Amino acid sequence: MKTITVPAKEQLSTDSQTIFDQIQKKLGKVPNLYRTIGYSAPALKGMLDYEATLTSSSIFTAKEREAINLVVSQVNACNYCLAAHTAIAQMKGFTKEETIQIRKGISKDIKLDAIILLAKSIAENKGQADVTLTDNFFAAGYDEPALIELIGLITLRTFTNYVYAATEIPIDFPAADPID
């Protein structure tokens, strides 16, 4: 099997290099996963544009988005995204134990529980969520726009999960603890 490596900035298109400069300014580094997605400037730009749109006008809070990222990455067994989003979730205010519980599909908060259980079901069942979980999501106060945005968030995280699964590039974040 061909080994996919994390590219050096100079190996990529000028479009990807320009995007890397923006990421470097914002994050202080260009994570290996972003560098690898940079093999395709349109894929990297599309992913980052969607993330930016969600950050600026999401129905879900930053903590809720991180919970979605964690549970979807757990379903997809993506060690890279679990490492990255565990670190980010803790920066957003979750404890280490809460990140582990979320990965298991558990939250003490009723609204967050409705979100993560539905996200988990959608990810596990390729979109065919358990109807009870969809009903619980709506009963928790969410509406159709929230459902569509949730599916978008799941799709975005699944994209990065699949990039890692296909490349197994080095993880440049502290490893997430395993769960039982």
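Contact, on this tour, means heavy atoms within 4.5 Å of each other. Helices are DSSP runs of H or I with at least four residues, numbered from the N terminus. You are looking at a predicted model, in which local features need pLDDT of at least 70 and side-chain atom pairs count only at pLDDT 80 or more, while totals for chains, interfaces and linings use all residues. Residues are numbered from 1 along each chain as its sequence is written, and side-chain values use heavy atoms, with hydrogens and water left out.

**Stop 1: H1 and H3**

The crossing of H1 and H3 is left-handed, a term for a near helix turned anticlockwise from the far one by less than a right angle, with right-handed for clockwise.

**Stop 2: H4 and H6**

Next, pick Ala67, Leu70, Val71 and Gln74 in H4, which meet Thr99, Ile102 and Arg103 in H6. Four nonpolar, two polar and one charged residues make up this contact. Here the axes are 8 Å apart and the angle is about 55°, which makes H4 oblique to H6. Under 35 degrees counts as roughly parallel, over 145 as roughly antiparallel, 65 to 115 as roughly perpendicular, and the rest as oblique. The crossing of H4 and H6 is right-handed.

**Stop 3: H7 and H8**

Move on to H7 (residues 110-124) and H8 (residues 131-139), whose axes come within 9 Å and cross at roughly 150°. H7 and H8 are therefore roughly antiparallel to each other, and their crossing is left-handed. Show Ala114, Ile115, Leu117, Leu118 and Ser121 in H7 against Leu133, Thr134, Asn136 and Phe137 in H8. This contact has six nonpolar residues, three polar and no charged.

**Stop 4: the pockets**

A pocket is an open set of points on a 1 Å grid over the protein atoms alone where a 1.4 Å probe fits, with protein on both sides within 12 Å along at least five of seven lines; lining residues have an atom within 4 Å of a point.

The largest pocket holds about 920 Å³ of space. To centre your view, select Lys26, Leu27, Tyr34, Glu51 and Ile88, the closest to its centre of the 33 lining residues. H1, H2, H3, H4, H5 and H9 each give two or more residues to this lining, which divides into 19 nonpolar, five polar and nine charged.

Finish at the second largest pocket, with a volume of about 210 Å³. Its lining includes Lys63, Phe94 and Leu112, and H6 provides the largest share, four residues. By class, the lining has four nonpolar, two polar and five charged residues.

Terms used. Points joined across faces, edges and corners; volume = space filled by probe spheres on them. Nonpolar A, V, L, I, M, F, W, Y, C, P; charged D, E, K, R; others polar. Axes fitted to C-alpha atoms, helices over the stretch in contact; angles between N-to-C directions.
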